[in-house]
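Look at the structure first, then read on.

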Amino acid sequence: MVKRAMTQYGAHFPEIFQKACECMGLVFGISVKEVEPSSLSYVLVKTLDLTYEGMLSNDQGMPNTGLLILLLGMLFMEGNRVPEEKMWNVLKRIWIYPESPDFIYGEPKKLITRELVKEGYRYLEYQRVPNCDTPPHYEFLWGPRAYKETRKMKVLKFFDKINGTDARSFPTLYEEALRDEEKT
């Protein structure tokens, strides 16, 4: 496939391939790694070492790991807790709406508030904000499985790679990620 695309698109192929790899990381939570440069062999690797397969109830078989990585990154960058309303406002900017079926993520609200939270997966914690007025407000936090399977430094470096920045550009987050590394 790669050889055919190289022939067809010639000089533009490296840029096209790089953008496709970035999109696969963002949307599907997988990275493309070169195995053998001379034979143009590549392998797909899960980003952040998460064991989550990302295909819980999505009938189309599309991995949802990219959404999980986005949520973990958002949590880390927002002080390890995000109000539900804020999370949905961010997701709406990338056309993911709580009540609207999505081609890739199926039912986003169900995927996030139930499947990623429920026993057995526990990548996220979803809890009611104490002492808040009615109606009740909820927030998301990193769940125990996220802490077990990945580290904040990996999440920070993933987002740095996507944005073309350096982890040290965000000193507060970088320091927190270093403290997290020392604990493991």
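In which sense do E3 and E5 pair, and over how many bridges? E3 and E5 pair in the antiparallel sense, over 3 bridges. Two strands count as paired if DSSP finds at least two bridges between them. Helices (H or I, at least four residues) and strands (E, at least two) are DSSP runs, numbered from the N terminus.

This is a predicted model: local features need pLDDT of at least 70, side-chain atom pairs count only at pLDDT 80 or more, and totals for chains, interfaces and linings use all residues. Residues are numbered from 1 along each chain as its sequence is written, and side-chain values use heavy atoms, with hydrogens and water left out.

**The sheet**

The open sheet has 3 strands, in the order E3-E5-E4, with antiparallel pairing. E3 and E4 are the edge strands, since each pairs on one side only. Strands of a sheet pair through backbone hydrogen bonds. In E5, leucine 141 stands opposite arginine 81.

Two helices meet this sheet. H3 lies across E3, E4 and E5. H4 packs on the sheet and touches E3, E4 and E5. Contact means heavy atoms within 4.5 Å. Axes are lines fitted to C-alpha atoms, for helices over the stretch in contact, and angles run from 0 to 180 degrees between N-to-C directions.

| Pair | Angle |
|---|---|
| H3 and E5 | about 100° |
| H4 and E3 | about 80° |
| H7 and H8 | about 145° |

**Helix H4**

The buried residues of H4 (residues 84-92) are Glu84, Met87, Trp88 and Leu91. They cover an arc of only 95° around the axis, so they sit on the same side of H4. The arc is that of the directions from the helix axis to the C-beta atoms. Buried means under 20% relative accessible area, exposed over 50%, and partly exposed in between (1.4 Å probe, protein chains only).

**Helix H8**

H8 has 13 residues (171-183). At 1.5 Å a residue, H8 should span 18 Å, and its end C-alpha atoms are 19 Å apart, which agrees. The expected span is 1.5 Å times one less than the number of residues.

Which residues of H8 are buried? They are Leu173, Tyr174, Glu176, Ala177 and Asp180. Their arc is only 160°, which puts them on the same side of H8. The face turned away carries the exposed residues Pro171, Thr172 and Glu182. H3 and H7 are among the elements that cover the buried residues.

The axes of H7 and H8 are 8 Å apart. On the H7 side, Lys152, Met153 and Leu156 make the contact.
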